[in-house]
Amino acid sequence: MENLNLALPVPALPVFLSMFTAIYLLSLFFVFRNWSPKLRPEASSCIISLAHGTPAVILAVFAIAAQPQRGFAAPNTEFQNIVLEYSIAYFLTDLLHYMVFFPNDVLFIGHHLATLFVFATCRYLVFHGAYAILVLLVLAEITSACQNTWTLANARRGDVPTAAKVYELLSPPFYAFYSLVRGLAGPLFVYEMGAFYLSGAADRVIPRWISISWMLVVVIAISVSILWVANLWVELYRERSGKLKMKKAM
């Protein structure tokens, strides 16, 4: 695929930031206006996550495929920088959401700040390494559509029968897909990434403290993801076991 050098007529980050903010506010005040005030912010966050996730995967795949010199220390292309800014805009918007509505959610706020550090240093400080960051973006966001649908169904399963059915049907395949991506594909790629950066092969263009910081953020994020989905599997097993016992007792 030919190298795609895209140059937008206006700075990309403010455009994307305005877009995600508009989507969030429309969701909060119009799309979910009939939902409980407690659920509206979370649902609106899911909508901007949906607007980011799948498009980010598609854009990242094209940006990687169009890169003439692929590798963990390769210079970023203009297209890759635009994709990075697309994700930076999303995480900034969602970070603001958490700081306003869930200021005590230290885990998610910390996750977003750490992710922004990785994306921002790659885009604005070292100008190299986008290949690695975008592959990680694909692995992180490829489950986005499933996860956000599952989250929305989970939020309403107590009072909407259709949501309860969607949640029940979607849970096992979503958990399996998430486990495969975060528990197998992610660690395999991170191992390759870590071996390259720790060898010092990228030190000339990416300072060691930055590459090590990237690795720490990614390893912690994947570890937390694995623990999260493992806990979901345990909860699912308990739910299904409880229902089976109730059926036998009847």
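**View 1. Helices H2 and H6, side by side.** H2 (residues 40-65) packs against H6 (residues 144-156) at an angle of about 165°, and their axes lie 9 Å apart. That makes H2 roughly antiparallel to H6, since an angle over 145 degrees counts as roughly antiparallel, under 35 as roughly parallel, 65 to 115 as roughly perpendicular and the rest as oblique. Axes here are lines fitted to C-alpha atoms, for helices over the stretch in contact, with angles from 0 to 180 degrees between N-to-C directions. Helices are DSSP runs (H or I, at least four residues), numbered from the N terminus. H2 passes H6 in a left-handed crossing, meaning that the near helix is turned anticlockwise from the far one by less than a right angle. On the H2 side you'll find Glu42, Ala43, Cys46, Ser49, Leu50, Gly53 and Thr54, which meet Ser144, Ala145, Asn148, Thr151 and Leu152 of H6. Sorted by class, the contact of H2 with H6 has 5 nonpolar, 6 polar and 1 charged residues. Ala, Val, Leu, Ile, Met, Phe, Trp, Tyr, Cys and Pro count as nonpolar, Asp, Glu, Lys and Arg as charged, and the others, Gly among them, as polar.

This is a predicted model, in which local features need pLDDT of at least 70 and side-chain atom pairs count only at pLDDT 80 or more, while totals for chains, interfaces and linings use all residues. Residues are numbered from 1 along each chain as its sequence is written, and side-chain values use heavy atoms, with hydrogens and water left out.

**View 2. Trp35, in the loop between H1 (12-31) and H2.** Trp35 is buried, with a relative accessible area of 19%; the cut-off for buried is under 20%, with exposed over 50% and partly exposed in between (1.4 Å probe, protein chains only). Setting aside neighbours within four places in sequence, Trp35 is in contact (heavy atoms within 4.5 Å) with Arg40, Ala43, Leu152 and Arg156. Look back along the chain to Phe16, 19 residues away: its C-alpha is 27 Å from that of Trp35.

**View 3. Helix H3, mostly covered.** H3 (residues 78-101) runs for 24 residues and reaches 35 Å from its first C-alpha to its last, close to the 34 Å expected at 1.5 Å a residue. The expected span is 1.5 Å times one less than the number of residues. Of those 24 residues, 18 are buried.

**View 4. H3 against H4 (residues 106-126).** These two pack at about 155°, with axes 9 Å apart, and are therefore roughly antiparallel to each other. H3 passes H4 in a left-handed crossing. Among the H3 residues making the contact are Leu84, Ile88, Phe91, Leu95 and Tyr98, and the H4 side includes Phe108, His112, Leu116, Phe119 and Tyr124. By class, the whole contact of H3 with H4 has 15 nonpolar, 5 polar and 3 charged residues.

**View 5. H3 again, now with H5 (residues 130-141).** The axes of H3 and H5 come within 11 Å and cross at roughly 50°, which makes H3 oblique to H5. This crossing is left-handed. Gln80, Val83, Leu84, Ser87 and Phe91 of H3 make the contact with Ala130, Tyr131, Ile133, Leu134, Leu137 and Glu141 of H5. Those residues divide into 8 nonpolar, 2 polar and 1 charged.

**View 6. Thr143, in the loop between H5 and H6.** Thr143 is buried, with a relative accessible area of 0%. Beyond its neighbours within four places in sequence, Thr143 is in contact with Phe174, Phe177, Tyr178, Val181 and Arg182.
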